[in-house]
Amino acid sequence: MSEAQPRRKLMVIILDQPALVDELLTGFLDLGVRGATVVESRGMGSIIRQDMPIFAGLASLFPENTGSRMVLSVMAESLIDRVFSLVEEIIGGLDKPNSAVCFTLPVEQFRGIRH
Amino acid sequence: MRLDQFLRPDLTFKLDAVDACDRLLEMLSQRIANQVEGIDAEPLFTALQEREQRGVTSTPDGVAFPHAMLEGIEDSFIAAALVAGGVSMGRSEHPPCDVVFVLVGPANAAWEHVRILARLARICHTPGTLNHLRGSADASQLHERLLAEDARHV
Amino acid sequence: MQLLISLSVVVALALVASSRSFWSLRRTAVGAVIFSGGWVAVGLGLLLSLDRLALVRSGQVSALEPLVHFALGWVGLMVGLQLRRDLPKYLPGALLRLMAMDLGLALFAGVGIWLAAGWLLDLPMGHPLRWFIAAFLGVCMIGWAAEVRSLRRQPAQDADSERLVRATSGLSSVFALLLYGMLFFLFDTPAGAAVGADAARSMGTVIAPQRILFGLSISILIAAAAGWLCHWLMRLAGRNEGHFLVVLLGVVALIAGAAEAMGEPPLLVGMLCGAVLVNLPGDPVVRLKRVLLEAEQPMAMAIMLVAGLMADPVLPGMAWAVVGGVILLRIAIKWKLIGDRIARTAPAGESALFHLAPLRQHPLAMAMAVGMVITHPIDHAAVTGRELLMMVIAIGLVCDLVILLGKWRGATATEQDSGGLVG
């Protein structure tokens, strides 16, 4: 008999400003999100530009020019709305271009570390 | 997590100039012990001092977050202080700290402790917040402004 | 009215350049060559300035001069922001040898052009203009286009050869800009040349070696001051996007304006400022780089359009002879010697096109030529600044056509090969 688990969702946040990751994670702690994984990611535009630079041929050699960070976190469904609000607060509005993208996905099963 | 449950008007202070970090921690420990039942100044001071020795809690914005987890207390609380002229917490690259938050919590509530610290860090990192707090005329206004800043955040 | 037309075209091109459909066009091999070379904008510029249409006259482009300075400052900043302290650790091993060969070739080409210019353009041996043309076209020889998409047969690989092409192109552009700056100082334009004082018009340029040190020092001072100011203002702007944009535009305007006021090349000042900025600590620099890079295409389009507007499409026969000579040199040395070394690092089946990579002219040459026309308005019987610009355009265009031809021949060969296998 397995104990009933709370409903969880996978929150995916793609931040175009890597500098804000630290603030986002601090916010996660504040809201009670206990864990997240941060991955260096690349937007489509950055990949396209890498192939076809005009004046800045060296730019694609530097790792930070990948530009974005993807934050993945499985969290209780009850936290989702507050996390969306947190992202909005940190970014200053999700409707601006080049700010962030965030969405949730249902988690059917979850096994692994439980805090 | 809202901070209103941890902030208390009687634990909000506006202090005159203090010459050293240890002196500040001692003074704050004494004031906390005077206000909070079950807290002794000496062990609190020792715990705060030990924490600072392990790693200074100041930030480049001139804020310090000395904190301690103590046996024998049931609830977390925050003491907030404005220190005239600021005091160096021991990191030469940081400016003297004139906004100080002392967080005290039960030894068995580590997660809550981390969350409160994260909340304080977020609030203090928001542009304009520190200047707003620093402009408080007295301790009660500092308390009010802290609650107002807390309410601005998710 | 003409100014309105040119401004509208610049804005329209910039909008088109940043649109999504434009990007998908650019991803085809032919599109990659055409758009990274800026040929659509150059062609449009040439068309608009044609005497028959007379929509925009090159003299009227001078009304756009502040905008051109701004765009050149932006490009310079973009190049300079690559000059990180830790850059050497990211550079491929074979790069320095390739660059040394390339610089040697530029020097060789410069000497060749100097010799030929005496005969073809009828300029006496000691004439400053003869030195200027040789040095300028020599500098334009440095490096090659960084675009690699058109060189691939297979989908994205990020192979050694691609990194080598991009990195050498990037570092070469830095050297080219430094030398361009020195040329700018070395060949002073006498006062009144722009308004056409007779003596100045016949002379074209004056060699002023003492200006190099002075000019470089002023450029460094402006760049350092603008760099520190930008860094400080960006920190003040914090996360506010609006403030950040205002700071960015303000700093580029400051670089361009100060360079213009002090008689310095905005491309060089921009590059030096970028080099200062990128080595200062803080996250805003990363953000700045991203914003600048995202606007690379629209800025390039604007500069290429101005190049087309300012160029004199009717080159005298002797100028075409110089163009032909430079192209032959590029083919003989860049293709054969340098291309061979790059091709060795290419994946199997990709070497033929990577062989051609160094043949292409760096788009920066066009930006330098535009800057040259504005700041050194040469108006000599042998050659004018506008003709020099057209020569740079012609060299770049022919080299890109060679790439397209190589691509087409490669595709045909591949089809025939597979036909043989299947059939």
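Me: How many helices and strands does chain C have?

Reply: Chain C has 18 helices and 2 strands. The model is a predicted one. Of the 423 residues in chain C, 50% are buried.

Me: Why is C:Ala302 called buried?

Reply: A residue counts as buried if 20 or more other C-beta atoms lie within 10 Å of its own. C:Ala302 has 27 other C-beta atoms within 10 Å, so C:Ala302 is buried. This residue is found in helix 14 (residues 296-310) of chain C.

Me: What is the distance between C:Ala302 and C:Leu72 in space, and how many residues apart are they in sequence?

Reply: Their C-alpha atoms are 9.9 Å apart, while 230 residues separate C:Ala302 and C:Leu72 in sequence. Within chain C, residues 24 or more positions apart account for 82% of the contacts with a separation of 6 or more.

Me: How do you know that the span of helix 6 of chain C agrees with its number of residues?

Reply: The expected span is 1.5 Å times one less than the number of residues. Helix 6 (residues 95-120) of chain C has 26 residues and should span 38 Å; its end C-alpha atoms are 35 Å apart, so the span agrees.

Me: Which residues of helix 6 of chain C are buried, and what do the buried residues pack against?

Reply: Among the buried residues of helix 6 of chain C are C:Leu98, C:Asp102, C:Leu105 and C:Ile113. The buried residues of this helix pack against helix 7 (128-141), helix 8 and helix 15 (317-344) of chain C. Helix 6 of chain C is followed by C:Asp122, whose phi is positive, near 60°.

Me: Why is helix 12 of chain C called mostly covered?

Reply: In helix 12 of chain C, 13 of its 13 residues are buried. Its span also agrees with expectation, because the 13 residues of helix 12 (residues 266-278) of chain C should span 18 Å and the end C-alpha atoms are 18 Å apart.

Me: Which residues have the most contacts inside the largest nonpolar core?

Reply: The largest nonpolar core has 142 residues, and C:Ile303, C:Ala307, C:Ala369 and C:Val370 have the most contacts inside it. Helix 8 (residues 160-186) of chain C gives the most to this core, with 14 residues. A second, separate core of 39 residues includes B:Leu48, B:Ala80, B:Val102 and B:Leu146. In soluble globular proteins, nonpolar side chains tend to be buried together.

Me: Which residues is C:Val370 in contact with, leaving aside neighbours within four places in sequence?

Reply: C:Val370 is in contact with C:Val68, C:Ile303, C:Val306, C:Ala307, C:Met310 and C:Leu389.

Me: What makes up the contact between chain A and chain C?

Reply: It takes 21 residues from chain A and 37 residues from chain C. On the side of chain A, the largest share, 3 residues, comes from helix 2 (residues 44-51) of chain A. The residues on that side divide into 11 nonpolar, 6 polar and 4 charged.

Me: Where in chain A is confidence lowest, and where is it highest?

Reply: Confidence is lowest in helix 2 of chain A, at a mean pLDDT of 72, and highest in strand 1 (residues 8-15) of chain A, at 95. The mean pLDDT of chain A is 84, and 86% of its residues reach 70 or more.

Notes: Residues are numbered from 1 along each chain as its sequence is written. Chains are lettered from A and ligands numbered from 1 in the order in which they are written. This is a predicted model: local features need pLDDT of at least 70, side-chain atom pairs count only at pLDDT 80 or more; totals for chains, interfaces and linings use all residues. Two residues are in contact if their C-beta atoms, placed from the backbone, lie within 7 Å. Helices (H or I, at least four residues) and strands (E, at least two) are DSSP runs, numbered from the N terminus. Ala, Val, Leu, Ile, Met, Phe, Trp, Tyr, Cys and Pro count as nonpolar, Asp, Glu, Lys and Arg as charged, and the others, Gly among them, as polar. A nonpolar core is a set of buried Ala, Val, Leu, Ile, Met, Phe, Trp, Tyr and Cys residues joined through C-beta atoms within 7 Å. A residue is buried if 20 or more other C-beta atoms lie within 10 Å of its own, exposed if 12 or fewer, and partly exposed in between; C-beta atoms are placed from the backbone. pLDDT is the predictor's confidence in each residue, from 0 to 100.
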